[in-house]
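Please look at the sequence and the model shown below, and keep them at hand while reading.

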Amino acid sequence: MSRVIFASHGGLSKGMKDSVSMIVGDLAKDVETYSLLPGQNPEDFYQEVLKEAKESEEQIVILCDIKGGSVHTALSKLAVLDNVMVFSGMNMGLALDVVMKSLGQNLELADANDLIEAAKEGMTVMSGMTSEDDEDF
Amino acid sequence: MIKLLRVDHRLLHGQVAFSWKNAVEADCILIACDAVMKDDLRKTSIKLAKPSGVKLVIKNMDDAVNAINSGVTDKYKLLTVVESIKDAERLCKECNINKLNLGGTKATAETRNISKAMNITPAEETILKGLCESGVDVTIQMVPEDSPVNVEKVL
């Protein structure tokens, strides 16, 4: 199984793990979280993970909260390593998919792109009543 | 064939749609519920919960029983969800299902709590005892990662 890290400004990462656990239970127990707090520099966490990633061949999948934020810009530098994959735009759907897909196997780039597409499809807006045809057997 | 019959008062939601679909490798979800068929708003919201890559069929109890017994569902790996123990009993009896998963039922003034998410009335307790006696394997398991608990242990 790959290491999965949720990384965010503030408590989103911990809250995301809490919410994901509500759906997949113990599957998410090994998810790691990083919360950037005021006064901290994500560069320090980058150095920490960089060292670990170089010492092990284990895949590390990182989900960052927002593209181009300081957490993402610092951690995205890890993507030059073959065993690290860095996502931005973490949301619940993506987080769930990544946790499920990373179980017992490495996440491939093609699969990661599929997960991004699925996460985008998960973003909708509704207003008023929509009608859709019912499916049958 | 029915891969899983589940009682869940929330019917289709994150836990079912996501974990159970994957765990039982279902390719079709059947929601069997009389109330939903009369409530377009609820039906629409259930459709939102449909995971990608599966078919979602919503039927009232009569039509669900008929569909299962007619054989049209045989080619699917079916995940069936009902909202009450009473509805589950009907499917078990009329469609010859010998395994039942208890996911969650709401707590009310008349219920007693038998697990983290299961709350049953005295009448439902009688139904569950009857199902167990007739040989149905009834287990409480909210998500696939939880260990199943045989319901007889808590009745």
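With a relative accessibility of 0%, B:L11 counts as buried, where buried means under 20% relative accessible area, exposed over 50%, and partly exposed in between, judged with a 1.4 Å probe and protein chains only. B:L11 lies in the loop between β1 (2-8) and α1 (14-23) of chain B, and although B:L11 is not a glycine, its phi is positive, at about 55°. Helices (H or I, at least four residues) and strands (E, at least two) are DSSP runs, numbered from the N terminus.

The model is predicted, and local features need pLDDT of at least 70, side-chain atom pairs count only at pLDDT 80 or more, while totals for chains, interfaces and linings use all residues. Residues are numbered from 1 along each chain as its sequence is written, chains are lettered from A and ligands numbered from 1 in the order in which they are written, and side-chain values use heavy atoms, with hydrogens and water left out.

**Other backbone positions in chain B**

A positive phi of about 50° is also found at B:E25, which is not a glycine. B:E25 sits in the loop between α1 and β2 (28-32) of chain B, and with a relative accessible area of 54% B:E25 is exposed. Helix α5 (residues 85-94) of chain B has as its buried residues B:I85, B:D87, B:A88, B:E89, B:L91 and B:C92.

Chain B contains six helices and nine strands, whereas the secondary structure of chain A comes to five helices and four strands, which follow the pattern β-α-β-α-β-α-β-α-α when read along the sequence. For chain B, a compact globule of 155 residues would have a radius of gyration near 15 Å, and the value of 14 Å agrees with this; the radius is taken over C-alpha atoms, and the globule rule is 2.2 Å times the number of residues to the power 0.38.

The table sets out some totals for each chain; accessible areas come from the Shrake-Rupley method with a 1.4 Å probe, and for residues only the protein chains shown count as cover.

| Property | Chain | Value |
|---|---|---|
| C-alpha span along principal axes | Chain A | about 55 × 35 × 25 Å |
| C-alpha span along principal axes | Chain B | about 35 × 30 × 30 Å |
| Buried residues | Chain A | 41% of the 137 residues |
| Buried residues | Chain B | 55% of the 155 residues |
| Accessible surface | Chain A | about 7600 Å², 51% from carbon and sulfur atoms |
| Accessible surface | Chain B | about 7100 Å², 49% from carbon and sulfur atoms |

Contact means heavy atoms within 4.5 Å. Among the contacts of chain A between residues at least 6 apart in sequence, 69% join residues at least 24 apart, and in chain B residues 24 or more positions apart account for 69% of the contacts with a separation of 6 or more.

As for charge, Lys and Arg count as positive and Asp and Glu as negative, with His and the chain ends not counted, and each charge is placed at NZ of Lys, CZ of Arg, CG of Asp or CD of Glu. Chain A carries 10 positive and 24 negative side chains, with the centres of the two sets 10 Å apart, while chain B carries 22 positive and 21 negative side chains, with the two centres 5 Å apart.

**Aromatic pairs**

How many aromatic pairs does a search of the whole structure find? Over all chains there are two, where rings of Phe, Tyr and Trp (its six-membered ring) pair if their centres lie within 6.5 Å, and planes under 30 degrees apart count as stacked, over 60 as edge-to-face and the rest as tilted. The rings of A:Y34 and A:F45 have centres 4.1 Å apart and planes at 5°, so this pair is stacked. It links distant parts of the chain, with A:Y34 in strand β2 (residues 32-36) of chain A and A:F45 in helix α2 (residues 42-55) of chain A, 11 residues apart. A:Y34 is buried at 10% relative accessibility, and A:F45 is buried with a relative accessible area of 11%.

The rings of A:F137 and B:Y76 have centres 5.8 Å apart and planes at 45°, so this pair is tilted. The pair crosses between chains, from A:F137 in the segment after α5 (109-121) of chain A to B:Y76 in the loop between α4 (61-70) and β4 (78-82) of chain B. A:F137 counts as partly exposed at 21% relative accessibility, whereas B:Y76 counts as buried at 13%.

**A leucine in chain A**

A:L96 belongs to helix α4 (residues 92-101) of chain A and counts as buried at 6% relative accessibility. Leaving aside residues up to four places away in sequence, A:L96 touches A:V20, A:I23, A:V24 and B:F18.
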